[in-house]
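Me: I would like to learn how to read a few features of a protein model. Please give the general idea each time, then the case at hand.

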Amino acid sequence: MRRWLHRFNRSGMEGLEGLGGQGRKRRITEAERSRIIAMVKLTPPGRLEVQPSNEMWAADESGPSEWTLDTLAAAARGLGIEVSRSQVRRILLAEGVRWRRTRSWTRSRDADFEGKGRGSSSSTPARPTARRSSAPTSSAR
C-alpha cells in the first residue's frame, strides 16, 4: 500500500494506473498451451482399439495406453514443447480439462457383461460424536 501512496504523491492519478510488463513471462506460448490441451482429446497411442475385423490394435504398443500427467508431459516434450508435469497439471486445471478416464473397468461392449452393482458412496459416513458428560471437571472451576 505504501508503494501506491508514494506513486500517487509522485505522479498523481496517472501514477495509479497499472504498469504493463510486470511479473514473470510465460515459458510457453498460447499455441503450445492449446496443443497440450488438444492432446488430451486424442486417443493415446498405446490404447488398444477394436478394428472392424474384431482385432485389437494400437498405433504404438510401446506408447501410453492412458493419458496421465507424466505421459502428457513426455508427449509434449516429444513435440518440442519444454514443459514439466506440474505445469501440464496447472494448464489442464485452469482449462477444466480432465486428463484421465475414470472407472474404465465398469463398462463393456460385451452383451453378456453384467455390472457389479451399485458403486460405493461418494463419501464416508461421519463418525458419531461422543456424548459429553454433564459432570463438572477441574477445568470448569
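**Reading the model**

Reply: Of the 141 residues of the protein chain, 18% count as buried; buried means under 20% relative accessible area, exposed over 50%, and partly exposed in between (1.4 Å probe, protein chains only). This is a predicted model, in which local features need pLDDT of at least 70, side-chain atom pairs count only at pLDDT 80 or more, and totals for chains, interfaces and linings use all residues. Residues are numbered from 1 along each chain as its sequence is written, and side-chain values use heavy atoms, with hydrogens and water left out.

Me: How many helices and strands are there in the protein chain?

Reply: Helices (H or I, at least four residues) and strands (E, at least two) are DSSP runs, numbered from the N terminus. Here there are four helices and two strands, in the order α-α-β-β-α-α from the N terminus on.

Me: How many salt bridges does the structure hold?

Reply: A salt bridge is a side-chain nitrogen of Lys or Arg within 4 Å of a carboxyl oxygen of Asp or Glu. The structure holds four. One of them pairs Asp-70 with Arg-85 at 2.9 Å, N to O. Asp-70 lies in helix H3 (residues 69-78) and Arg-85 in helix H4, so this pair ties together parts that are 15 residues apart in sequence.

Me: Is Arg-33 buried or exposed?

Reply: Arg-33 counts as buried because its relative accessible area is 15%. The residue lies in helix H2, and its side chain meets that of Glu-95 in a salt bridge (3.7 Å, N to O). That pair links distant parts of the chain, with Glu-95 in helix H4 (residues 85-95) and Arg-33 in helix H2, 62 residues apart. Glu-95, at 44% relative accessibility, is partly exposed.

Me: Which residues is Arg-33 in contact with, leaving aside its neighbours within four places in sequence?

Reply: Contact means heavy atoms within 4.5 Å. For Arg-33, these residues are Arg-26, Ile-28, Ile-91 and Glu-95.

Me: Which residues form the nonpolar patch on the surface?

Reply: Patches are made of residues with over 30% relative accessible area and no salt bridge; like charges are joined within 9 Å, and nonpolar side chains (Val, Leu, Ile, Met, Phe, Trp, Tyr) within 5 Å. The nonpolar patch consists of Trp-4, Phe-8, Met-13 and Leu-16, with about 400 Å² of accessible area together; such areas come from the Shrake-Rupley method with a 1.4 Å probe, and for residues only the protein chains shown count as cover. Leu-16 lies in the loop between H1 and H2 and is partly exposed at 35% relative accessibility.
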